[in-house]
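This report describes one protein structure for a reader who has not seen it before. Please look over the sequence and the model below before reading on.

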Amino acid sequence: MIKTAGMLLAVLVVAGCASTSKPFWAKPNVSADDTYTELSECRFKVGVSKIDEDEQELLVAHCMRGKGFRLLANQS
């Protein structure tokens, strides 16, 4: 009985973690399409500059913040 309850708890925890959404970039009065365009531009600039892969996302984040965007988590 305890073993079954433990397994059920583990399944519920994993299911809860799987349903969490990825963070997203946002800026007031900017559409999702325009946000995607700005993010693509930042990724392109970082990719062209031949930066190590482990530093690329950090530089993309700096680029987006420099444009006034904030990284937000989905509210469920």
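Among the elements of the protein chain, which has the lowest mean pLDDT and which the highest? The model is predicted, and the two ends of that scale are set out in the table.

| Element | Residues | Mean pLDDT |
|---|---|---|
| helix H1, lowest | 2-18 | 51 |
| strand E1, highest | 24-26 | 96 |

The protein chain as a whole averages a pLDDT of 81, and 71% of the residues score at least 70.

The largest nonpolar core is made up of nine residues. They are Trp25, Leu39, Cys42, Val46, Val60, Ala61, Cys63, Met64 and Phe69. Two or more residues of this core come from each of helix H2 (32-48) and helix H3 (53-66). Helix H3 gives the most, with four residues.

Phe69 lies in the loop between H3 and strand E2 (70-72). Is Phe69 buried or exposed? Its relative accessible area is 4%, under the 20% limit, so Phe69 counts as buried.

Leaving aside neighbours within four places in sequence, Phe69 is in contact with Trp25, Ala26, Lys27, Val30, Thr35, Glu38 and Met64. Of these, Lys27 has its charged end over the ring of Phe69, 5.4 Å from the ring centre. Phe24 is 45 residues from Phe69 in sequence, and their C-alpha atoms are 9.7 Å apart in space.

How many aromatic pairs does a search of the whole structure find? The search finds zero.

Conventions. Residues numbered from 1 in each chain as written. Predicted model: local features only at pLDDT ≥ 70, side-chain atom pairs only at ≥ 80, totals over all residues. Heavy atoms only, no water. Core = buried A, V, L, I, M, F, W, Y, C linked by side-chain atoms within 4.5 Å. Buried < 20%, exposed > 50% of the residue type's maximum accessible area, 1.4 Å probe, protein only. Phe/Tyr/Trp six-rings, centres within 6.5 Å; stacked < 30°, edge-to-face > 60°. Lys NZ or Arg CZ within 6 Å of the ring centre and 35° of its normal. pLDDT = per-residue confidence, 0-100. Contact = heavy atoms within 4.5 Å.
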